[in-house]
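Try each task on your own, then follow the solution step by step.

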There are 2 protein chains.
Amino acid sequence: MEDDFSKALRQTAELMDRELREFLPLNEGLERQLYEAMRYSVLSGGKRLRALLVIQAADLFSVPRLHSTRVASAIEMVHSYSLIHDDLPCMDDDDLRRGLPTVHRKFDEATAVLAGDALQSLAFEIIANAKTHSSAEVRIKLAGSLAQAIGARGMVGGQTMDMYAGDDDIDIVTITRLQQMKTGALITFACEAGAILGHASPPQQQALKAYAHDLGLAFQIADDILDAEGSPEEMGKATGKDAAAGKATFVSLMGLEEARIHAAMLVDQAIKHLEIFGPKADLLRHAARFAIERRN
Amino acid sequence: MEDDFSKALRQTAELMDRELREFLPLNEGLERQLYEAMRYSVLSGGKRLRALLVIQAADLFSVPRLHSTRVASAIEMVHSYSLIHDDLPCMDDDDLRRGLPTVHRKFDEATAVLAGDALQSLAFEIIANAKTHSSAEVRIKLAGSLAQAIGARGMVGGQTMDMYAGDDDIDIVTITRLQQMKTGALITFACEAGAILGHASPPQQQALKAYAHDLGLAFQIADDILDAEGSPEEMGKATGKDAAAGKATFVSLMGLEEARIHAAMLVDQAIKHLEIFGPKADLLRHAARFAIERRN
């Protein structure tokens, strides 16, 4: 039987597919390939975990779903853009993503670069244009936080570290910082967005931030475990690449068993941060457990 | 002797170099290459014409320079990002830009993709964070307009058309639309930004938009003429590539003489749109003439 969290995740995915489609029209002009690539990437499934975090965090403050799904759409656009660029031949050079050819394989490299670029700006456009949903103050705060989560101190900085980190440079402290930027920044923004939309009090903001911080790290450790253990079939993408490339991961640095223990501890810690929200935060608690229990 | 416009352009360039440097710190972490590439691209000269347009358009409404230079910085970041990505091997494959190696030649492709990505988000961050300068309403309006100027209906859409337009598809109408997106959208945003910062009246907004529209097109026709006639030394980049690739340009479609006449007509038209601003708009008038008289 489907539990509450699986149901919420499925419903979020369905909702997001409808929402995202609205923002991604088709186009018959010379630029049609750009539109096709954007749709192809954004609508090719994905767990929609970041969208769920936005919506559930906003739900804590009874923010209308109409508002939070807007921001959830923006964050999924950014997530898609980052996957497209990370998969490029000059970066991780991946052929497969969610069981389908990556954007540069399905189309070409130029289209992949451009689709990523356009998805980044589309995210800001969606936030800026949500006039009937949120005040200018809320929207500009969201835009600023999102920009920071993407840039040199966030996702892009983390991906750069990941590309240029020789193994000698990498210890647990460094990889933790790297991953907090590379995957953690956007997950933290997802929870922060809920707090911004909901005009959370400073202790509430702090609690959500701490939750997101631990969740993001647990999520990445679980990713490293899945990459070491999972099959390409289950994962829908190549696995074992990091180990083959002799690249440092939480698993290579801590060992599988230790990594598992560390991730579980982080999840417990993440859940503890939610105490002040009471039972309203149950789905966020499940989300934290899901981060380390998922199979892909 | 230096005329008023040359002086304004030089002063804008000096001002922008100082401003932009502030936003581009160095970094000694594993991600230092990203920071270096961002600085390298943004601070490698450039005419700063877009910055000048923002500042001069804002000056019409006596907007404090402190406010308009912020937005000018953001637009120069976006312009740099677009040049970095356009120069990539999978796009225009250029080795030289402003007389220097392009970012992917100086660093590598991954760094070029990432530096472009981070410059886009930095532009939005700069606008969002200009709290002491402009109201949330003004900032979110700027962010929304900038996002639209970048995305699939703007610069990125235009670049896509340019990449995938077979020659058979291209006539004057199509290339005009393509260039209005590829280079026109950001130039239009520059003038629009001045109007937003200055709370311009609808007729004033309209006048600036019409001016930007004609100026942007004249600028691009002049670019095509320079590409056909200029030397790589003067231009600081490869020239004659479009002709060699058999690519349609205003020059290939109209011939040199006709292109020159058309550009001059557009400049006259652009200047006419500025009538309602009186002598205050003289530098913008000069900017329009500069668009077709420049040698690079």
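**Exercise 1.** Locate A:His199 in chain A of this predicted model, then decide whether A:His199 is buried or exposed.

*Solution.* 
- Step 1: Look along chain A for the loop that joins helix H9 (172–197) to helix H10 (202–229); A:His199 lies there.
- Step 2: Check the backbone. A:His199 is not a glycine, yet its phi is positive, about 45°.
- Step 3: Turn to accessibility. The relative accessible area of A:His199 is 62%, and exposed means over 50%, so A:His199 is exposed.

**Exercise 2.** Find in which loop A:Ser62 sits, and work out whether A:Ser62 is buried or exposed.

*Solution.* 
- Step 1: The loop to look for in chain A runs between helix H3 (49–59) and helix H4 (65–87), and A:Ser62 is placed in it.
- Step 2: The phi of A:Ser62 is near 55°, which is a positive value in a residue other than glycine.
- Step 3: With a relative accessible area of 65%, A:Ser62 is exposed.

**Exercise 3.** Describe the surroundings of A:Ser41: its helix, its accessibility and its contacts.

*Solution.* 
- Step 1: A:Ser41 belongs to helix H2 of chain A, residues 32–42.
- Step 2: Its relative accessibility is 8%. Buried means under 20%, so A:Ser41 counts as buried.
- Step 3: Set aside the neighbours within four places in sequence, and A:Ser41 is in contact with A:Ser80, A:Ile84, A:Arg98 and A:Val103.

**Exercise 4.** Build up a picture of where chain A and chain B meet: how many residues take part, and how much area is buried?

*Solution.* 
- Step 1: Chain A brings 49 residues to the contact, and chain B brings 49 residues.
- Step 2: The two chains bury about 4,100 Å² between them, with 68% of it on carbon and sulfur atoms.
- Step 3: In chain A, the residues that lose the most area to chain B are A:Leu30, A:Ile140 and A:Tyr164, together 17% of what that side buries.
- Step 4: Between the chains there are four salt bridges. In one salt bridge, the side chains of A:Arg153 and B:Glu125 meet at 2.4 Å, N to O.
- Step 5: Polar contacts link 16 residue pairs between chain A and chain B, both residues at pLDDT 80 or more.
- Step 6: Consider which part of chain A touches chain B. H6(A) gives the largest share of that side, 12 residues.
- Step 7: By class, that side of chain A has 27 nonpolar, 12 polar and 10 charged residues.

**Exercise 5.** Work out how chain A is related to chain B.

*Solution.* 
- Step 1: Compare the interface residues. Of those in chain A, 100% are also interface residues in chain B, so the copies meet through the same surface.

How values were computed
Residues are numbered from 1 along each chain as its sequence is written. Chains are lettered from A and ligands numbered from 1 in the order in which they are written. This is a predicted model: local features need pLDDT of at least 70, side-chain atom pairs count only at pLDDT 80 or more; totals for chains, interfaces and linings use all residues. Side-chain values use heavy atoms; hydrogens and water are left out. Helices (H or I, at least four residues) and strands (E, at least two) are DSSP runs, numbered from the N terminus. Buried means under 20% relative accessible area, exposed over 50%, partly exposed in between (1.4 Å probe, protein chains only). Contact means heavy atoms within 4.5 Å. Buried area is the accessible area (1.4 Å probe) that two parts lose on being put together, summed over both. A polar contact is a pair of N or O atoms within 3.5 Å; within protein, one must be able to donate a hydrogen and the other to accept it, and residues adjacent in sequence count only if both atoms are side-chain atoms. Ala, Val, Leu, Ile, Met, Phe, Trp, Tyr, Cys and Pro count as nonpolar, Asp, Glu, Lys and Arg as charged, and the others, Gly among them, as polar. Copies are superposed by least squares on the C-alpha atoms of residues with pLDDT of at least 70 in both.
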